[in-house]
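The sequence and the structure are shown first, and the description follows.

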Amino acid sequence: MKTNEELQQKVIEAINWEPLLSAAEIGVTAFDGIVTLTGCVNSYAKKEEAERAAKNVSGVKVVVEKIEVVLNNKTQKSDNEIAAEIINAFKWHWDIPHDRVQVKVEKGWVTLTGSLEWNYQKEEAKKAVSVLIGVKGIINNIMIISLSKDRINKKDIEDAIERNKIIGNTKIKVEVLDNSVTLKGNVESWFQKNEASRLAWKAPGVLEVKNNLHVDLKQ
């Protein structure tokens, strides 16, 4: 177990290690595995990168992200300009059926709605938007509606977790009810928790993943 001061320093080092964030002024506090990030950045991509860097630090249980995106004259864009760039970005992503995603932009905040078959498509849609200049925040309300008629195979998910080198040594319980998957048990890091969700979402027919995994800092 790291002390609060040690964890704080490790998170600061992880954030400063990222080239995108080397010049960003991000405040970090840590208490009992709960890390709070504050400060201002000039792009949504930097805000996401800071949160990702913090989550990947061993010992981090929860990240409270309070970073604000503050745009300057070079990064400020109108809502119409942002919307046009999003539509164009979707056209360059073969894995995003852009005709099934609706976009609303209001004061730099982007809301995505519509329905897609796979969760990775939903994540790719958000990723395509997150790197665009002028975006201050993203609300991803895209629904997953699977076209697969197959029942979710619980063992397939369990096998995928077991053979994964990142989380294969953890004890994760998989529960399946209709099109919903619930993950229970303990993992050693936030990264392992996210990896378990990613694997569960890959199973055909999954419409929801409830990740109830507990990050056990004592492991």
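Helices (H or I, at least four residues) and strands (E, at least two) are DSSP runs, numbered from the N terminus. The model is a predicted one: local features need pLDDT of at least 70, side-chain atom pairs count only at pLDDT 80 or more, and totals for chains, interfaces and linings use all residues. Residues are numbered from 1 along each chain as its sequence is written, and side-chain values use heavy atoms, with hydrogens and water left out.

**The chain as a whole**

The protein chain contains 6 helices and 12 strands. Its radius of gyration is 19 Å, close to the 17 Å that the globule rule gives for 219 residues, so the chain is as compact as a globular protein of that length. Here the radius is taken over C-alpha atoms, and the globule rule is 2.2 Å times the number of residues to the power 0.38. Along its principal axes, the C-alpha trace of the chain spans about 50 × 50 × 20 Å.

Burial is expressed through relative accessible area: buried means under 20%, exposed over 50%, and partly exposed in between (1.4 Å probe, protein chains only). Of the 219 residues, 44% count as buried. A contact means heavy atoms within 4.5 Å. Among the contacts with a separation of 6 or more, 65% come from residues 24 or more positions apart.

**Domains**

Domain bounds come from an automatic or database domain assignment. For this chain the assignment gives domain 1 (4–69), domain 2 (79–144) and domain 3 (154–215). The centres of domain 1 and domain 2, taken over C-alpha atoms, are separated by 25 Å. Across this pair, 4 residues of domain 1 are in contact with 7 residues of domain 2.

**Selected residues**

| Residue | Relative accessible area | Class |
|---|---|---|
| H98 | 40% | partly exposed |
| T182 | 12% | buried |
| D32 | 53% | exposed |
| K107 | 66% | exposed |
| I139 | 37% | partly exposed |

I139 is found in strand β7 (residues 137–140). Leaving aside neighbours within four places in sequence, I139 is in contact with W109, V110, T111 and L112. I139 and A50 are 89 residues apart in sequence, and their C-alpha atoms are 18 Å apart in space.

T182 belongs to strand β10 (residues 180–187). Residues up to four places away in sequence are again not counted, and T182 then touches K173, V174, E175, K210 and N212.

H98 is located in the loop between α3 (79–91) and β5 (101–106). With residues up to four places away in sequence set aside, H98 touches F90 and K91. From H98 to G114 the C-alpha distance is 9.6 Å, while the two are 16 residues apart in sequence.

Most residues other than glycine have a negative phi. Which value does phi of D32 take? Phi of D32 is near 50 degrees, a positive value in a residue other than glycine. D32 lies in the loop between β1 (25–31) and β2 (34–41). K107 also has a positive phi, near 55 degrees. The place of K107 is in the loop between β5 and β6 (109–116).
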